Amino acid sequence: MRRIGILLALSALLTLSTAAAASLSLTSQALTPIRNCILSGYPSTTTDVIDAMVEQNNPNTNYNNATNSVMSHSGNTNRRTYVEFLVADCVPAIPPTATIRSATLRLYATAVPAGTCRTDDVFAATSAWTETGITWNTQPTSNSTRTTYMQIGSTCTSNNAAGYVTGWNVTGDVQSYVSGSASDDGWMIRDDAESSATSYTATYEAKNGNSTTENPELIISYVDVP
Amino acid sequence: MRRPGTLIRMAVTTVVVAGAAIAVGLAAGLTTLSNNIGAAQAATPRCTGSDLSVIEGTGATITTVTLSSSTNIDNTSACHGASLAVTVTNGTTSGSATCTIGTAPCTVAGTGPYTFGPLTLSAGVARTAATQADIVMTGP
């Protein structure tokens, strides 16, 4: 009888072993790697970032050395800002097949238009330019449709005081630069309604300000696979 | 001379033990040879935080980072509780930080874009014109 008991126990153990093997389960956790390349206008000697202001009133003057890009607009005093981040200089390089999840242009407004809420547009530049050569009269060509815009001014609900402005999403442009379907010539920033009767001024910190707290930035978030 | 009943029991015992050994051996040597593991599908919740971007703290040395997302990933069941690991490098030095979404300092602030942090890096990273920040999100 004892042997029969042992046999039964052994048989039960065998059954349990088989059942455990049959119910083998796999568990895993989602793993999401995200890479960011941050291009910065600091130090000012960098060639990864170039920027300059152009002024309608002085159409042949190059303002490469300005520490601020002043955008004012009324009559013929329109001013524009050009900025370019060399996306190809990201380390490590962003693969052409990468998917850009977001790209945010960040400029620091040292002064915002007073008593108003203006719209500042960003247009992709479509031809090459240089910091030392650009003037109002030699501006590069740009897309006719703006890439993005944001509102800025003391009466706006956001971007109403000095600080990094929010709202310039340039993801589509950067995706084109990375994939090679468009050349990286940066962006032109201007008021949405230039030549207004009243003068309004927004001032952005330029690379030449050599600031570690107000430097121009482009933040690119991407994944290596589609 | 053993009795016939005893011999039968011994034979049965031998067979069962041998069978058990074979079964255990098969289980221990389990291999996956099949290309088809079943037709069932299981939906895996996946956090849609893949537009997370890193905003570096100001100053000549980066000591903190803030994370930004266009979606409120703390309010997303597929994200709440996920672990985040951030590493910032300038190619020479690097600093890292970790947190859990929904637990300070990785709690949501603002109404969009949503920000988390700041997270303090394990080591300061000198600011350069190009820095790399990698985020690895695990779970939840």
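Okay, ground rules. It's a predicted model, where local features need pLDDT of at least 70, side-chain atom pairs count only at pLDDT 80 or more, and totals for chains, interfaces and linings use all residues. Residues count from 1 along each chain as its sequence is written, chains are lettered from A and ligands numbered from 1 in the order written, and side-chain values use heavy atoms, with hydrogens and water left out.

So, how many disulfides does the structure hold over all chains? Three, where a disulfide is a pair of cysteine sulfur atoms within 2.5 Å.

Start with Cys37(A) and Cys90(A): their sulfurs sit 2.0 Å apart. The S-S torsion is about -90°, so this one is left-handed. Both cysteines are buried, meaning under 20% relative accessible area, with exposed over 50% and partly exposed in between (1.4 Å probe, protein chains only).

Next, Cys117(A) and Cys156(A), 1.9 Å between sulfurs. Here the torsion is about 110°, so the disulfide is right-handed. Cys117(A) is partly exposed at 28%, while Cys156(A) is buried at 7%.

Over in chain B, Cys99(B) and Cys106(B) bond at 1.8 Å, left-handed with a torsion of about -45°.

Now the sheet. Chain A has an open, antiparallel one of four strands, order 3-11-6-9. Strands are DSSP E runs of at least two residues, numbered from the N terminus, and two of them pair if DSSP finds at least two bridges between them. Strands 6 and 9 of chain A pair antiparallel over two bridges, and Tyr108(A) has Tyr164(A) in strand 9 as its bridge partner.
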